[in-house]
Amino acid sequence: MSAAPLTVALLGGGTVGAQVARLLLEQSADLEARVGAPLQLVGVAVRDTAKPREGIPSDLITDDAAELISRGSDIVVEVMGGIEPARSLILQAMAAGSSVITANKALLAADGATLYQAAEESGVDLYFEASVAGAIPLLRPLRESLAGDRVMKVLGIVNGTTNFILSKMDEEGADYADVLAQAQELGYAEADPTADVGGLDAAAKAAILAELAFHTRVTFDDVSCEGITDVTSADVEAARAMGFVIKLLAVAERTPDGSGVIVRVHPAMVPRDHPLASVRDAFNAVFVEAEAAGEMMFYGRGAGGAPTASAVLGDVVAAARNRVSGGRGPGESTYADLPVRPISEALTRYYVNLDVADRPGVLAAIANAFAANGVSIQVVRQDGHGDDAGLVVRTHLASDGALSRTVDELRSLDAVKEVLGVMRVEGEAGA
Ligand SMILES: NC(=O)c1ccc[n+]([C@@H]2O[C@H](COP(=O)([O-])OP(=O)(O)OC[C@H]3O[C@@H](n4cnc5c(N)ncnc54)[C@H](OP(=O)(O)O)[C@@H]3O)[C@@H](O)[C@H]2O)c1
């Protein structure tokens, strides 16, 4: 026999919220069986109560989120987005004894610590599986399944908009601006795409992943972030010629000596035979390397109303089961307290694309510039065309600082007409 109903309040009835409401109502019998108590949706807070909302009974809609929270539901689901009023409402909900489920990566990456602390003080759950990589079960594996292992690196494609743009540039040889316009027409990119193409959305997710992977507090400001706006069709073509594809990656790793962590978001060349290379269009995938488990990849839909709602509902069931059993899920784990180090300390391989004069001695001068700065060359590819020649260099592992000094020296050489592109290379064996 089921226990008394557990009440659920929903903050937000938009793309994700409407699907959460639909699944809660449509799957109520299965959810009740899985939880051991019925889940009762008691209200949906929105801004505009006059907007038609398919699937949400109109008597549940309210524009008074604070009043809805004050009813003291067992579970409050926050899918409004933004920092405020979302943060204040979540804190109000926890103070009222509600467990909170949120998909709000921006808030978690900016001020997750405040939310964790409030959850701890009130003895309630805080779950946020949907905040990174939409439908893909990823945070629970990091937080729970891998809690007995030592994660070394997390490498992922966590932004569908930029992956769609880069996939199209790769498949069609199209320019960035044309593909962005196409993505906006198809609804894959916002009218203001800055958060996506500037890497900010991926950086928020990288902070959340890093915190869980390394048991260390990481916020949005700790993440080195570079978007895809400077990726050219020439970079894409050069990558293709070398058997690589360009992806916007979120990377969280331990420093080479293991004493800190580095968290970065930037475009990178990935070998075409790496599992991340075949992640096309708006899909997400995250590659995790752990000491004992080895390599794992998590793949699926990273956004969209229903996929994201699936992750939210999984959290609702987990929090509801805890209510029924009287237990609690895991809280914040930042005991490792590792310092977050700057990207300049990361060791990566690089690709450098140069426009050089086509005359004897040029190759030697360029090789000297790399050697003088301690950057060792792995591969050189040369395309001659008239007086000019294209020279593409791939390096062995080097620090950001050494590479920057090399590029400065290359720019000062007579033999180098222009440095056409510099990009990190990730995912090569041993890299
Ligand atoms: N969309 C995705 O694929 C996706 C994926 C992963 C995570 N997320 C996260 O999920 C959250 C929601 O995203 P979404 O795409 O569903 O956003 P959305 O479509 O813009 O919906 C936001 C909802 O919140 C309501 N709202 C906003 N501010 C409010 C306020 N001050 N008071 C009351 N209601 C308010 C809106 O009301 P009105 O409808 O009246 O405007 C709307 O119903 C965000 O944190 C986002 O980052 C989204």
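Residues are numbered from 1 along each chain as its sequence is written, and side-chain values use heavy atoms, without hydrogens or water. Because the model is predicted, local features need pLDDT of at least 70 and side-chain atom pairs pLDDT 80 or more, while totals for chains, interfaces and linings use all residues.

The ligand is surrounded by 22 residues, of which G13, V16, D48, R53 and G304 are the closest; a residue counts as near if one of its heavy atoms lies within 4 Å. This shell divides into 9 nonpolar, 8 polar and 5 charged residues. Here Ala, Val, Leu, Ile, Met, Phe, Trp, Tyr, Cys and Pro are nonpolar, Asp, Glu, Lys and Arg are charged, and the others, Gly among them, are polar. The protein covers 79% of the 900 Å² of accessible area that the ligand has on its own (Shrake-Rupley method, 1.4 Å probe).

Helix 4 spans residues 86-95, and A86, L89, I90, A93 and M94 are buried in it. Helices (H or I, at least four residues) and strands (E, at least two) are DSSP runs numbered from the N terminus. Buried means under 20% relative accessible area, exposed over 50%, and partly exposed in between, with a 1.4 Å probe and protein chains only. The buried residues of helix 4 fall within an arc of 135° seen down its axis, so they line one face of the helix; the arc is taken from the directions from the helix axis to the C-beta atoms. An α-helix has 3.6 residues a turn, so residues three or four places apart point the same way. The partners of this buried set include strand 1 (6-11) and helix 5 (105-122), with contact meaning heavy atoms within 4.5 Å.

The loop between strand 4 and helix 4 holds P85, which is joined to E84 by a cis peptide bond with omega of about 5°. After helix 4 comes G97, with a positive phi near 95°.

K153, in strand 7 (residues 151-157), is buried, with a relative accessible area of 10%.

Most residues other than glycine have a negative phi, and most peptide bonds are trans. D281 has a positive phi of about 55° and is partly exposed at 30%.
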